[in-house]
Amino acid sequence: MFEGKTTRVVVIGTGFVGTSYAFSLLNQEVANELVLIDANKEKAEGEARDLNHGLPFGAQMKIWAGEYSDCRDADIVVIAAGANQAPGETRLDLIDKNTKIFKTIVTNVMSYNFDGIFIVATNPVDILSYATWKFSGLPKERVIGSGTILDTARFRYLLGEYFDVDSRNVHGYILGEHGDTELPVWSHTTIGSRPVLSLIKDTSEGKAELDALFADVRDAAYHIINRKGATHFGIAMGLLRLTKAILRNENSILTISTLLEGEYGLEDLYIGVPAIVNRNGIREVIELDLTPHETEQLQHSAKTLTDAMKPVLLHK
Ligand code: NAD
């Protein structure tokens, strides 16, 4: 798989998300070096020891609790550090504290001439991806936010359950902010090439059920956080999928957060859209032909992000 080449992933932030991602990397042998960094060094060390004890059961990897200097040779740096949503808190509530944390982290990584790809998972992910792009000075193609990758997975899963079809055969996207203003692109959601909207036969009952299904997608994090305090397995799988698309040069279409420069009539913000991802990062943004209502919803989502982003712009 690696053709003799060493592939290094650095995870910064070894909390629920960072360690769940690390565990999935280990299980699927996607990279052969994994470095864990956390402000709480002992936590990173404990996690590295625990993960290393899984190696005799299958994977061939080197895993250690490292330093920022380890980012010099990294292919990918994943940032999952920072504060998490408390029950009742929105993702946008985290903006101030996590932007400050990101300034320090990204500056530290770049001080070792990191020349790979950043993947950002910390919330609010669109704004922190933008901040990472600004703070790092890397080309936009190489700073990728997890965006609506998880929301799209939740959407496909719930539609699969609703229609009793394998969720891998459900095609559709959640666009916009990874947060309260995201939107489903119903006009392009299909199962077996058949538009989902035609499958409900235009009944008002069917429409109400699909609306409720989307509300479950949008509010999923709140429902999970109220029950168990954090969400981490789903996003870990999403980050793993993104990592594979990059390291294996897959040219896969994933809904990630990227800088828009005129696509969808939007610019100078990171927001969730479908894009082709390969070894160079973002190859291109896919522009869907949205309905007027969907366009309006996306513009509203973009405006919410742009307004919330003003404090970040002050840091640049
Ligand atoms: P957590 O509290 O379990 O872990 C965060 C870790 O970051 C802690 O170990 C902490 O010590 C570390 N940290 C804090 N400041 C740091 C710094 N300056 N340098 C290095 N490490 C630092 O939180 P979690 O549940 O793992 O969530 C992490 C982030 O991921 C949150 O912002 C959360 O909202 C976000 N998240 C995103 C998605 C998504 O879809 N993008 C999904 C779930 C969670």
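Buried means under 20% relative accessible area, exposed means over 50%, and partly exposed lies in between, using a 1.4 Å probe and protein chains only. E29 is partly exposed, with a relative accessible area of 28%.

This is a predicted model, in which local features need pLDDT of at least 70, side-chain atom pairs count only at pLDDT 80 or more, and totals for chains, interfaces and linings use all residues. Residues are numbered from 1 along each chain as its sequence is written, and side-chain values use heavy atoms, with hydrogens and water left out.

**Backbone points**

E29 sits in the loop between α1 and β2 (33-37). Helices (H or I, at least four residues) and strands (E, at least two) are DSSP runs, numbered from the N terminus. Phi of E29 is near 45°, a positive value in a residue other than glycine. N251 also has a positive phi, near 55°, and is not glycine. N251 lies in the loop between α9 (233-247) and β12 (252-261). The peptide bond from N123 to P124 is cis, with omega near 0°. P124 belongs to the loop between β5 (117-120) and α4.

**Partly exposed residues**

I224 is in helix α8 (residues 220-228). P139 is in the loop between α4 and β6 (143-145).

| Residue | Relative accessible area | Class |
|---|---|---|
| E29 | 28% | partly exposed |
| I224 | 29% | partly exposed |
| N251 | 33% | partly exposed |
| P139 | 35% | partly exposed |

I224 and P87 are 137 residues apart in sequence, and their C-alpha atoms are 9.6 Å apart in space. For P139 and L242, 103 residues apart along the chain, the C-alpha separation is 18 Å.

**The ligand site**

The shell around the ligand holds 23 residues, and the closest are V17, D38, A83, N84 and N123. A residue counts as near a molecule if one of its heavy atoms lies within 4 Å of it.

A backbone N or O atom of V17 lies 2.8 Å from a ligand oxygen. A backbone N or O atom of A83 is likewise 2.8 Å from an oxygen atom of the ligand. For N84, a side-chain N or O atom is 2.9 Å from a ligand oxygen. Taken alone, the ligand exposes 860 Å², and the protein buries 84% of that. These areas come from the Shrake-Rupley method with a 1.4 Å probe.

Which elements give two or more residues to the shell around the ligand? They are α1 (16-28) and α3 (95-110). The largest share, 3 residues, comes from α3.

**Aromatic pairs**

A search of the whole structure finds 6 aromatic pairs. Rings of Phe, Tyr and Trp (its six-membered ring) pair if their centres lie within 6.5 Å; planes under 30 degrees apart count as stacked, over 60 as edge-to-face and the rest as tilted. One of the pairs is Y130 with Y270, which is edge-to-face, at 6.3 Å centre to centre and 85° between the planes. This pair links distant parts of the chain: Y130 is in helix α4 (residues 125-136), Y270 is in strand β13 (residues 267-278), and the two are 140 residues apart. Both Y130 and Y270 are buried. Ring pairs also bring in W133, forming a cluster of Y130, W133 and Y270.

Key: Polar contact = N/O pair within 3.5 Å; in protein donor to acceptor, adjacent residues only side chain to side chain.
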